[in-house]
Amino acid sequence: MASLTNAYWEERWELGDVPWHRGSVDSSLQNNLHLLTGGKAKISILVPLCGKSLDLLWLCEQGHDVVGVELSDLAVKQLFEENSIPYSISAITDLTVYSATDRSLKLFVGDVFKLSVSLVGTFDAIWDSNALVAINLADRIPYAKMLMSLLGHDGMILMSTWEYNQAEHNHQPYSITLSIIEELFQESFIIKALESIDMTGTIFTKHFNLTYANKLVHLLTRKLSH
C-alpha cells in the first residue's frame, strides 16, 4: 500500500473531489458531546484533519474553544467564507493560522505532524472524525503518539472510524476496528464502544464497492497515573 502524499490531498480539495465532506453536523458528535466534555460548559477541543467540517462551527455554538488542523488552505478558506465568518491570518513556524474574530475558532493550515505542545498547548478533548482512517499506515503510531501528547492529563478522545473488509479496499479510508484502536491506545486509555452503525448500502459502501461497512464510535478516557 503506497502512502498518499500531502500534495495528493491538496489536489483533491482543489478539484472539489472530497466525498468525505459532510454538509451537516455529525450526529455521533451531537449524541456524545456530553461524554466528551464530561458535562463541562466550556472546554478546549482539537479537531485534526478537519477540512471544512461544520462540526467546528457547531462546537463553537455549544460554547467551546475549538482548534482545527487541516492540510488544505483552500478548505479552510471555504469554511470561513461559505459561512460568512470574519477572520485574521497569521503564521507560526510552518503553519498558517486562521483565527475567527467573532468566535473562539482557530484553524492551523499545514501538516498535522507539525503540531506540538509548544505551538498549541494541550487540549481538554479531541474529536477525531475519520482522521485516523486517513493516516498512512507508516504514520499511524506517530499520529497516535501526537494525539496523546496534545491531550491534557485527564482528557478524552471521541473517535469515529469505519469498519469494513479491508481486502475489498486496501487504501484510505482504512478500516479501523476496535482491535486496531486498542493496539494504538489501550496502554494509556480506557476504551469504551459507544456506537456501531450499519452503513451498508449507503453512499460510502457504494463509492468503494464494499459489501458492508459500519461506523464505529469510541470514547477514549486517559488512564490516571498513580
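## Aromatic pairs in a predicted model

Phenylalanine 189 counts as buried, with 2% relative accessibility. The model is predicted.

A search of the whole structure gives 8 aromatic pairs. One of them joins tryptophan 162 and phenylalanine 204: the ring centres are 3.7 Å apart and the planes meet at 10°, so this pair is stacked. Stacking requires planes under 30 degrees apart. The pair links distant parts of the chain. Tryptophan 162 belongs to strand S7 (residues 151–163), while phenylalanine 204 belongs to helix H8 (residues 203–207). The two residues are 42 residues apart.

Phenylalanine 185 and phenylalanine 189 form an edge-to-face pair, because their planes stand at 80°; the cut-off for that class is over 60. Their ring centres are 5.9 Å apart.

Are the residues of these two pairs buried or exposed? The table gives the relative accessibility of each. Buried means under 20%.

| Residue | Relative accessibility | State |
|---|---|---|
| Tryptophan 162 | 12% | buried |
| Phenylalanine 204 | 13% | buried |
| Phenylalanine 185 | 0% | buried |
| Phenylalanine 189 | 2% | buried |

Ring pairs also build a cluster. Its members are Trp162, Tyr164, Phe204 and Phe208. The stacked pair of tryptophan 162 and phenylalanine 204 thus has both residues in this cluster.

A charged side chain meets a ring elsewhere. Arginine 140 lies over the face of tyrosine 174. The distance to the ring centre is 5.4 Å.

Definitions and conventions. Residues numbered from 1 in each chain as written. Predicted model: local features only at pLDDT ≥ 70, side-chain atom pairs only at ≥ 80, totals over all residues. Heavy atoms only, no water. Phe/Tyr/Trp six-rings, centres within 6.5 Å; stacked < 30°, edge-to-face > 60°. Helix = DSSP H or I, 4+ residues; strand = E, 2+ residues; numbered from the N terminus. Buried < 20%, exposed > 50% of the residue type's maximum accessible area, 1.4 Å probe, protein only. Lys NZ or Arg CZ within 6 Å of the ring centre and 35° of its normal.
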